[in-house]
Amino acid sequence: MGKPVLIDFFSAWCEPCREQTAIVEALAERLGDRVEVRMIDVAERRDLISAYRLVTVPTIVIEAGGKVVGRFEKVTDAETLESILLSLIDDHAERGIV
């Protein structure tokens, strides 16, 4: 199943995106290699706009086992994101999939 994936969809011109990216970077540092973090500038990956049905940035998508398990279309605090990611990490650990 692999580790959970957090995808930060952002745009360089977007001030809330910069705030969200700072939160995601700090979270990635805290969680280390237990989570895969992808930072995607929508201007560079326009193909993903329709694939992920993006309507706004910042948008955070959390995937586990190839499926979307969380989606946030505004700046989301680290505690909320970390809580979801830790529950997914713990679920993997219980199944012996770390």
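User: Which side chains does Asp47 meet in a salt bridge, and at what N to O distance?

Analyst: In general, side chains of opposite charge can pair when their charged atoms come close. In this predicted model, the side chain of Asp47 meets that of Arg45 in a salt bridge, at 2.7 Å from N to O. Asp47 counts as partly exposed at 43% relative accessibility, and Arg45 is partly exposed at 39%.

User: How many salt bridges does a search of the whole structure find?

Analyst: The search finds 5 salt bridges. Among them is the pair Glu73 and Arg71, whose closest N and O atoms are 3.0 Å apart. Glu73 has a relative accessible area of 38% and is partly exposed; Arg71, with 32%, is partly exposed too.

User: Where do Arg18 and Glu15 sit in helix H1?

Analyst: Helix H1 covers residues 15-31, and the two residues are 3 apart in it, so about one helical turn separates Arg18 from Glu15. Their side chains meet in a salt bridge with an N to O distance of 3.0 Å. Arg18 counts as partly exposed, with 43% relative accessibility.

User: Which side chain of opposite charge is nearest to Asp8, and is Asp8 buried or exposed?

Analyst: The nearest one is Arg18, 11 Å away. Asp8 belongs to strand S1, residues 5-10. Leaving out residues up to four places away in sequence, Asp8 touches Gln20, Thr21, Val24, Arg38, Met39, Ile40, Thr59 and Ile60.

User: Which residues does Lys74 touch, not counting those up to four places away in sequence?

Analyst: With those set aside, Lys74 touches Gln20 and Pro58. Gln20 is also on the contact list of Asp8. Lys74 lies in the loop between strand S4 (67-72) and helix H3 (78-94). Lys74 is exposed, because its relative accessible area is 58% and the cut-off for exposed is over 50%. Val42 is 32 residues from Lys74 along the chain, and their C-alpha atoms are separated by 15 Å.

User: Which cysteines form a disulfide, and how far apart are their sulfur atoms?

Analyst: A disulfide is a covalent bond between the sulfur atoms of two cysteines. Here the pair is Cys14 and Cys17, with sulfur atoms 2.5 Å apart. The count for the structure comes to 1 disulfide.

User: What is the handedness of the link between Cys14 and Cys17?

Analyst: The link is right-handed, with 80° about the S-S bond. Both Cys14 and Cys17 are buried.

Definitions and conventions. Residues numbered from 1 in each chain as written. Predicted model: local features only at pLDDT ≥ 70, side-chain atom pairs only at ≥ 80, totals over all residues. Heavy atoms only, no water. Helix = DSSP H or I, 4+ residues; strand = E, 2+ residues; numbered from the N terminus. Buried < 20%, exposed > 50% of the residue type's maximum accessible area, 1.4 Å probe, protein only. Contact = heavy atoms within 4.5 Å. Disulfide = S-S within 2.5 Å. Lys, Arg positive; Asp, Glu negative; His and termini not counted. Salt bridge = Lys/Arg side-chain N within 4 Å of Asp/Glu carboxyl O.
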